[in-house]
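Here's a quick tour for anyone opening this structure for the first time. Have a look at the sequence and the model, then read on.

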Amino acid sequence: MSNMVHHKCAAKPQTSTNTLTSFVRQDPNTTGCKIKADGCCSLDMRPFDIVSGKGFHQVAQTLIDIGAKFGAVDAGAILPHRQTVCDRAKKQASIDKQKLSEAIQKALTRNGGIAVTTDMWTDEFKKRAYTVLTCHYISQWKLENCILAMVEFDPTLKKTSENLNEQITSVLTSYGIQTDKIVFVSDQGANIKAALRSYHWIPCSAHILNTVLRHTFSTKGDSESDGIEDIVDMIDYCKELVAYLKRTGAIASLKHTVNQECDVRWNSKVTMLESIQKQYQDIRELLKNRDQEHRLGGIHQDQLTHLIDFLTLFKLAISELEGEHYPTIHMVLLWFFKLKKHCEPKFGDPPYIKSLCSHASALLDEKMCPNATHKITTFLHPKFKSLKMLVEEDRREVIKQLRELLPEEGVRLSHDGEGSNPVTEPMPATEQGGLILCLYGVGNLFVIFFRTFSPF
């Protein structure tokens with residue numbers, strides 16, 4: 001030990017070569033990346049949200065992986081030519097279409113059918129019309145959806161039901177889908193309804209609610225629209241205010257943006273009203289400084305509050321009924337009664353709200369009255385099988401209609417001792433003969449599928 005004292009290392013302080021920070025992963029310096037991202041949008045005139053896209057992230061991650069493996073690499077040497085991208089995209093589209101076709105065929109074999117939602121929209125700038133078809137099916141007990149096609153409608157043809165049907169059938173045929181095993185969901189446009197008359201068709205309830213609201217605020221030729229005219233005028237004042245704030249750039253002085261109503265965008269009316277109410281005082285101060293305070297003259301906070309309260313429940317209903325990743329058709333009956341109760345007159349309501357509620361309630365009865373399909377699917381949901389929202393006579397009618405859909409063997413339907421709580425009694429597997437009940441939800445669609453029986 002005494003010899004070690006004179007060793008040359010002893011005179012030097014011993015320090016650890018590994019510090020605590022050496023075991024911690026260092027965050028990369030992202031400043032340069034952010035600057036390049038800004039430059040990408042500015043230089044190539046691309047939208048800022050391009051950096052949020054999954055495709056952009058995949059490309060960026062691939063480039064990072066290449067750099068980590070091979071070091072600094074010239075981007076121009078590895079990025080493909082635009083024609084190469086186009087050719088590969090077409091090839092990949094063909095592969096993906098084949099995979100989707102196989103998945104749909106499996107769903108047809110296993111579940112007995114699929115659902116398809118369709119809509120048409122027009123590019124107002126180029127005046128081109130497009131038809132979109134989206135397929136919905138169950139795979140591994142999970143609701144899947146995938147766009148089948150977005151096809152431009154021939155501009156030389158009229159948008160007649162025959163031409164629409166021909167285009168839709170052509171897309172379905174390209175996937176090998178049998179037309180007798182499809183349930184369609186769409187809006188209630190006369191041409192699209194006529195085009196789908198050969199299919200099992202169900203109207204979109206979210207679209208119906210939007211139509212109800214649009215007609216609720218229409219006072220043309222309506223003798224029972226007392227007070228609604230004032231509300232319609234206030235909404236027009238709100239639209240003019242938002243247009244002024246956006247046109248003059250005054251919106252930049254506000255903490256939050258204000259939203260304009262768009263006739264074809266659901267819930268945009270209540271969104272506009274909420275954006276104004278949220279910063280009403282800030283808008284007033286801004287207009288006062290610009291000597292434009294008169295633009296708030298027809299917009300009153302109490303009316304804004306009452307109108308927002310009236311529209312909010314409709315907004316929630318539309319948002320829930322337009323879901324595509326969960327079943328919703330059983331909700332149609334529930335929302336119908338909930339909205340009907342919402343439209344009942346309440347003590348203290350101002351006259352214009354009573355008029356709106358009365359008008360909306362009548363339109364709900366006219367346009368959204370739930371049919372047998374809605375009632376049956378609500379009954380099939382375990383939470384609502386008692387159908388307490390219906391009277392006893394209607395409950396028994398639902399059970400009767402469901403019995404007619406079922407084969408003679410497979411499932412017994414019965415009531416509890418009081419006769420008011422219908423329940424299902426599954427039969428033993430040996431007696432079911434391969435019968436499978438599958439609650440299939442798509443947008444506002446539930447369909448009963450049978451493995452060994454015709455679904456419709």
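In this predicted model, helix 8 (residues 205-216) packs against helix 14 (residues 351-367) at an angle of about 140°, and their axes are 9 Å apart.

**Helix 8 and helix 14**

- With that angle of about 140°, the two helices count as oblique to each other, because roughly antiparallel would take an angle over 145.
- As for handedness, helix 8 and helix 14 cross in a right-handed way.
- On the helix 8 side, the residues in the contact are Ile-208, Leu-209, Thr-211, Val-212, His-215 and Thr-216.
- Helix 14 brings Leu-356, His-359, Ala-360, Leu-363, Leu-364 and Lys-367 to meet them.
- Sort the residues of this contact by type and you get seven nonpolar, four polar and one charged.

**Helix 9 and helix 12**

- Helix 9 (residues 228-248) and helix 12 (residues 301-321) also pack together, at an angle of about 100° and with their axes 11 Å apart.
- That angle makes helix 9 roughly perpendicular to helix 12.
- From helix 9, the contact uses Ile-231, Met-234, Ile-235 and Cys-238, while helix 12 supplies Gln-303, Leu-304 and Leu-307.
- By type, the residues here split into six nonpolar, one polar and no charged.

**Cysteines**

- How many disulfides does the count come to? The answer is zero.
- Just as a reminder, a disulfide is a covalent bond that joins the sulfur atoms of two cysteines.
- Take Cys-146: the closest cysteine sulfur to its own belongs to Cys-135 and is 7.7 Å away, too far for a bond. The pair would have to be within 2.5 Å to count as a disulfide.
- Is Cys-146 buried or partly exposed? Its relative accessible area is 30%, so Cys-146 is partly exposed.
- Cys-204, on the other hand, has a relative accessible area of 17%, so Cys-204 is buried. The cut-off for buried is under 20%.

**Ile-114 in strand 1**

- You'll find Ile-114 in strand 1, which covers residues 114-123.
- Ile-114 has a relative accessible area of 0%, so this residue is buried.
- Along the sequence, Ile-114 and Ile-182 are 68 residues apart, yet in space they are 5.3 Å apart, C-alpha to C-alpha.

Technical notes:
Residues numbered from 1 in each chain as written. Predicted model: local features only at pLDDT ≥ 70, side-chain atom pairs only at ≥ 80, totals over all residues. Heavy atoms only, no water. Axes fitted to C-alpha atoms, helices over the stretch in contact; angles between N-to-C directions. Helix = DSSP H or I, 4+ residues; strand = E, 2+ residues; numbered from the N terminus. Left-handed = near helix turned anticlockwise from the far one by under 90°. Contact = heavy atoms within 4.5 Å. Nonpolar A, V, L, I, M, F, W, Y, C, P; charged D, E, K, R; others polar. Buried < 20%, exposed > 50% of the residue type's maximum accessible area, 1.4 Å probe, protein only. Parallel < 35°, antiparallel > 145°, perpendicular 65-115°, else oblique.
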